[in-house]
Amino acid sequence: MLPASPAKILAGSRILAQVVTKVSGRLAIAGISAGVLAALAPPAAAQGLKYDVHIDAPGALEELLEQNLDLVRFRGNARMDREQLVRLVRAAPAQVKTLVATDGYYSPVVSARLDRDGETPKVEISVQPGEPVRVGEIDLVLEGFAPVPGLAADKQFDTAALKAGWTLKQGQVFRQTDWEQAKRGLLRQVVQTRYPRAQLTDSQATVDPDNHLAALRVVLDSGPELRFGELRIEGLKRYPAAIISNLNQIHPGDYYSEAALQAYQSRLQDTGYFSSVEVSADMGAILNEQLEAGAATPAQNADAAMAPLPLLVRVTENKRRNVSAGLGFSTNTGNRASLTYDDLSVFGLRMKSALTLETKKQTARSDFYFPTTADGYNDSFGASFERSDISGEVTSVASVAGKRAWGTPLLERSLSLELLTETKTLDGVPSSTSKSLPLTYGVTWRKLDNLLFPTKGYALNAQLGGALLPILTDEAFVRGYARTVWYRPLTASTNLILRGELGALASRDKNGVPAVYLFRAGGDQSVRGYAFQELGVREGAAITGGRYLATASAEFQYWFKPTYGMAVFYDAGNAGDTFNALHPKSGYGAGGRWKSPVGPINVDVAYGHAVRKYRLHFSLGFTF
């Protein structure tokens, strides 16, 4: 045990008075004799001595001892007998003191007593932890980190911010886990940018049990400052190198950044051309070059200015062609069967084609994607045919389109030009055929804490477009649309979600505008409690699209487990040809939530107030 004085030094994560080592995932204390441990090694299946252990300690310490104390761990061991039990009881106080020291208590009062009077022996352990040791003086020594001549002050490495980010603050209880995490966090901040070869050259915690203080000292050596060099590619066979090089936003001379490497790797993985991607800075190549040039050892090279690190991309290509089929069901459009065919190299382009047959909608489409350009543009073109039968309106639309998209997941932009022809039938009677050549600009802003499972922030999508010229267009129109969703956490287990959308179309005659550019509401992602696109303009027994749209939704979620939750919601909205026709139809209800590996799955039961019916809704994730 630690004496009252003088102070003892903890080097790194070691308590010098009693060494705590990791054995098979559990803490084992050096104070227990090897004979006891050997005697308790698992033998043939036999019944050992049964006994109970009662630990009287504050909650957190009780859990610590329950998980790591040998008296608890070896309970039920086949080799356990009364002699071994007595030895463990005698060793328990020293072991308890070492364990609670890892949680900041260095002067505990511990007793261990064996009660043999009952039929089953009982061990009583009492722990009075006393006053915890708290962090006192903190000495963070940063070696290296020399300012770069000629570099602006705001571009220099911020050592002040590095020190300010130290997590084990003065006055906190000194715990071993916090001590280790603080050191790892300090080192992580450095090695992820500019100084990947940084290392802790010294770390000490000097504990003064008399004054209940721990003085900390950490020495961090930056190592050489590193920059990126030229791009090197390995594993590419079938596809052009431009697929990789055009997505590279790291330039020779840029400072080393782990975040930049991860972002580049993510962009390459998203292309679909590769089954695996590894992006790294080729440190080994530089060390080999320096050794061949005559440097004595890698350690000596580490102290010298290093040449730029080659940016190494290793890929494993996906097979060129892929065919898949699936069956499903949508509460919006009914039963679904799908067949997809992808080819990663059709005249140097990536082709994606799909045939989807649903109860209310049938679609066939094929799209071709150019490799991302060096300026970050994603260009594509394609053709599609879609037939839908929704709320008594049957439409058949054939289209060809070209699209350019650019930006990041936080700010995406696109420009598309589409030529389409549409035939529309109402109540079984052909009513119109129209063609149009609209140009549409779209932008999406995202500021979310998590793109897959958002709980805080917002996303906003806005579109503006139309067909203004009398070229391949029956009726000129201008159309605007906006949709937003806002997430707000209320407590650790509850959050609020607000949704809204607005749309408007201006034209002389609505009949010449393709139905896909008009507005309807209702369904899983709109006003729940109503069928898919059930809200709109009534023409006879059918529902058609209107010039205007307005919907809103409020949802309260409660997560009773990290991945399981429930929600209550209220939706309202409508579509119509005039503002006065936008009398809101409301729907409300409750549902369950599950954070699946592919996104949140929502199952809702909603009551449509206007139709006086209950409806089941199922959706995956949020569409933005």
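Let's start with a charged pair: Arg593 and Glu555 join their side chains in a salt bridge, 3.1 Å from N to O (a side-chain nitrogen of Lys or Arg within 4 Å of a carboxyl oxygen of Asp or Glu). Arg593 in strand E29 and Glu555 in strand E27 are 38 residues apart, so the pair links distant parts of the chain. This is a predicted model, in which local features need pLDDT of at least 70, side-chain atom pairs count only at pLDDT 80 or more, and totals for chains, interfaces and linings use all residues. Residues are numbered from 1 along each chain as its sequence is written, and side-chain values use heavy atoms, leaving out hydrogens and water.

**Salt bridges**
- Arg593 is buried at 4% relative accessible area, and Glu555 is buried at 7% (buried is under 20%, exposed over 50%, partly exposed in between; 1.4 Å probe, protein chains only).
- Shared partners join Arg499, Arg528, Glu555, Asp571, Arg593 and Asp604 into one network of salt bridges.
- Arg321 pairs with Asp343 in another salt bridge, with the closest N and O atoms 3.4 Å apart.
- Arg321 is partly exposed at 45%, whereas Asp343 is buried at 4%.
- The whole structure holds 26 salt bridges.

**Confidence**
- The protein chain has an average pLDDT of 86, and 88% of the residues score at least 70 (pLDDT is the predictor's confidence in each residue, from 0 to 100).
- Residues 1-39 have pLDDT below 50, and residues 295-304 stay under 50.
- Where pLDDT is low, the predicted coordinates should not be read in detail.

Terms used: Contact means heavy atoms within 4.5 Å. Helices (H or I, at least four residues) and strands (E, at least two) are DSSP runs, numbered from the N terminus.
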